[in-house]
Structures are given as structure tokens and as C-alpha cells.
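Reader: I would like to go through this model with you, starting with how two of its elements pack. Please keep the answers brief.

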Amino acid sequence: MADQIQDARIGGTAVKQARLAYIDWMRGLACVLMFQTHCYSSWLTPEARKTEFYRWSQAAGTLPAPLFIFLAGVSSAMATQRLREKGVARNAIAKTTILRGAEIFGLGLLFRGQEFILGYPNSPWTDLLRVDVLNILGVSMMLMGVLCWAADVSAGVVGARFSAPQSRTSTLTVTIIVALIAAAVVAVVTPWLWTTYRPRWLPWPLESYINGVHTYAQPQTWLFPLFPWVAFAFVGLALGFLLFSDFAKKKEAWFFAVVGGGGAIACEASQLLDDAPARLYPAAIYDYWHTSPEFFLMRCGILLVLLFLVYAWCRWGWAQKGFSPIIQLGNTSLLVYWVHIEFVYGRFSILPKARCSILKATAGLLIIFLAMVALSILRTRWKKRKAKVLRAGPAAAAATAESV
């Protein structure tokens, strides 16, 4: 789903981005985890949902959303820094990212509209304004565009203050620091915005973007408000810019080993902070598993460890030996996300909902996986064919016509 910043367009000229296999593989893994979560959630009988198998399935299902948003941050950083190195003005870079984020946000609204129409008359009109992953992904991208612009300006101001030219390293450093501070602030204020300091004065569609309250009396943990979800994008943004550091470029394998080690330390720190006697929040509002900074730290640690493992698998394993269906799904994650929902949860579900055994639901999951891979291949081939025609241009088309 975070494949949205692979081609940036500045002044009408497409700037091609090199795809990184480990990013696409990680995004494809998120797609597979999403498929199994949705399929078992939709199709299994109530009895099957009481099993350990289902419990572990849904536990794995907590990874796709933070993965997609985290990888959106990584992709955004890579696109932004490459444009910076090409000498593109900061305003143009920010405009590109913000407009692309607005496009994803618009697609999120369109998706909700589609689901409402296909679910009519059973779907309530309030579902049109529900805060979903695509909505927050789009808003996160717009906020990242603003943050990178502000960091670029700040680096220039600091350079002018100390009579030093604004260097590539100083801009990178400032952007990484600002992104990490933004992530920390979001994580720390989340418990208060969900409880004590809820912005109840806002209309519920707007408050829902803050804490996921939707039409209910309390914030809902199954929705995707900015707090805490945008923090994953900021962490991904910081990591994406770190990939351009001299250490990451010269010693890439060691860099990812450090990332994996940092992730393991973050997981352990999460447990230590949760067990610590000193508390930042009153017991009444502390919720480790949903809103606490400690749980956010745990999930970030898991993402970093997973990134290291995926990098190792793509570099030294079999991830790129021949055709990789996981990488293929990662190339078109937004498309397969959009399509599979209707064939799992929607009116066109390929299996009866809440009436299947684990074996039958697994067979349905395999069908969904193969169908989405096939759809992804068709999409990729169509894009390549379209690009080939565009590269040929009108002159080539005219020459072909004359030769007939």
C-alpha cells in the first residue's frame, strides 16, 4: 500500500525511483498477513474463532497496518532525499508529497464510498466518514511533506545563524531529529487525547481523526486515527533518511544489523518501562496494549527487527531467486488491498461468512492469494506496456503508420 512514492513528478518530468527488493518484500509480507487476517476473520465459524489458531492469526494481523504506514515513511524519505540531491527546490518537493498524500486521502474516501454503495442498504451512512488506513496514510504523507519542508528550512536557518553553508549532512541530520521528535510527541500525547483531553468540542468526523471515536461514546481501538498511527510514518521517515547516511551507504549490512539490534533493545525497553514503578500517566488512562508509548516502542522494535530479517532474506536468502510472489504483491499493494476486501468482507465474498471451518477458510485464503498475485502481474504488465508506448512517442507512431 505504501508504493505511492515510486515515481515523483516535478515540473512535468517524471523522476524514476529505484525499487529496493527488501522494501517491496516487506510490503508484500504485509499484504499476505492482511489477507490471512481478513479471510479468517470473515469466514470462520464462531466455534473456530475460539481456537488458538484463530488467536495467533489475529495477533499476526496487528502487523500490516503499522507496516504499511512505516514503509510509507521510508518511501517518502527516499523520494524526498533523491529530489533534494537533484537540486529540486524544497517548495516543489513538499508540493509533490502533499499532493500525492491528498490523492491517497481522496482514494480512501472513494473506497469508503464504494463500500457504502456495495453494502447498501445494510451499511450506515456514517461509514462514509470512517477513519480507515488509506485515510490516515494520505494524511500522514501530507504531514511528512510539511515536516520535511520545515526541517529543510530549519537546517538553512541554523546554517545562516552560524555562518555555515547548508550541507547535505546537516539537512539529513535535522530532518531525522525532527521526525523522531514528532514521533515521540505523538506517542506521548496519545493516551491523553484518547481520555482526559479528548477534543469533544470537535464534530465527531473530525475528532475521529484524532482518537478514532467515530459515532461511539469512546475511541475505538479498531480504527486508525492520527494518534498514534502517524508516529509510525515519522519513524519510517527517519529511517528512510538514515539510509542516505555515509555509514548506511558504505556498510549497508552493518547498518541493518544495527537497526535489528536497536529494534531488539526497543522491545526490551518497552517491557522495562511498563514494569517500572514510576508512571507518566494515571492508572485510569494507562492502556499498554492500545495507546501507551511503551506499546508503540514495542511495535517499532518489532518493525525494525523484521526489517533486518527481511533485508537479510533478500540479500542472502532465496527471496530474489526467480519470481517472487511476495515482491510482486509489494509492487501493487494498494491495488490488492482495494480489491481483496470486496471478495472477503463484501457482497462478492467467495465463501459464506462465519460458516467455514479452518480448512475451508484456508483454501479460500489460498484462492485469494493466487488471484491477487495474478491481478498484480496483470497490473505490472499493463504499466510496462503503457510506459513502452509513451516512450515510443508520436514520432514512432507516425513512422509505424507510414510503413504500413
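**Helix packing, confidence and backbone**

Author: Leu33, Gln36, Thr37, Tyr40 and Ser41 in α1 meet Phe53, Tyr54, Ser57, Gln58 and Ala60 in α2, a contact being heavy atoms within 4.5 Å. This is a predicted model, in which local features need pLDDT of at least 70 and side-chain atom pairs count only at pLDDT 80 or more, while totals for chains, interfaces and linings use all residues. Residues are numbered from 1 along each chain as its sequence is written, and side-chain values use heavy atoms, with hydrogens and water left out.

Reader: At what angle do the axes of helix α1 and helix α2 cross?

Author: Axes are lines fitted to C-alpha atoms, for helices over the stretch in contact, and angles run from 0 to 180 degrees between N-to-C directions. The axes of α1 (residues 21-43) and α2 (residues 52-60) come within 8 Å. Their crossing angle is roughly 135°.

Reader: Which class does that put α1 in relative to α2?

Author: Angles under 35 degrees count as roughly parallel, over 145 as roughly antiparallel, 65 to 115 as roughly perpendicular and the rest as oblique. The crossing is at roughly 135°. Therefore α1 is, relative to α2, oblique.

Reader: Where in the chain is confidence lowest?

Author: pLDDT is the predictor's confidence in each residue, from 0 to 100, and its mean over the chain is 89. Helix α8 (residues 226-242) has the highest confidence, at 97. The lowest, at a mean of 40, belongs to residues 13-16, strand β2.

Reader: How many contacts beyond four places in sequence does the model have for residues 396-404?

Author: Over residues 396-404 the pLDDT stays under 50. Where pLDDT is low, the predicted coordinates should not be read in detail.

Reader: Which residue does a cis peptide bond join to Phe227?

Author: The omega of this bond is about 15°.

Reader: Does His214 count as buried or exposed?

Author: His214 is found in the loop between α7 (204-211) and α8, and its phi is near 55°, a positive value in a residue other than glycine. Buried means under 20% relative accessible area, exposed over 50%, and partly exposed in between (1.4 Å probe, protein chains only). Because its relative accessibility is 3%, His214 counts as buried.

Methods. Helix = DSSP H or I, 4+ residues; strand = E, 2+ residues; numbered from the N terminus.
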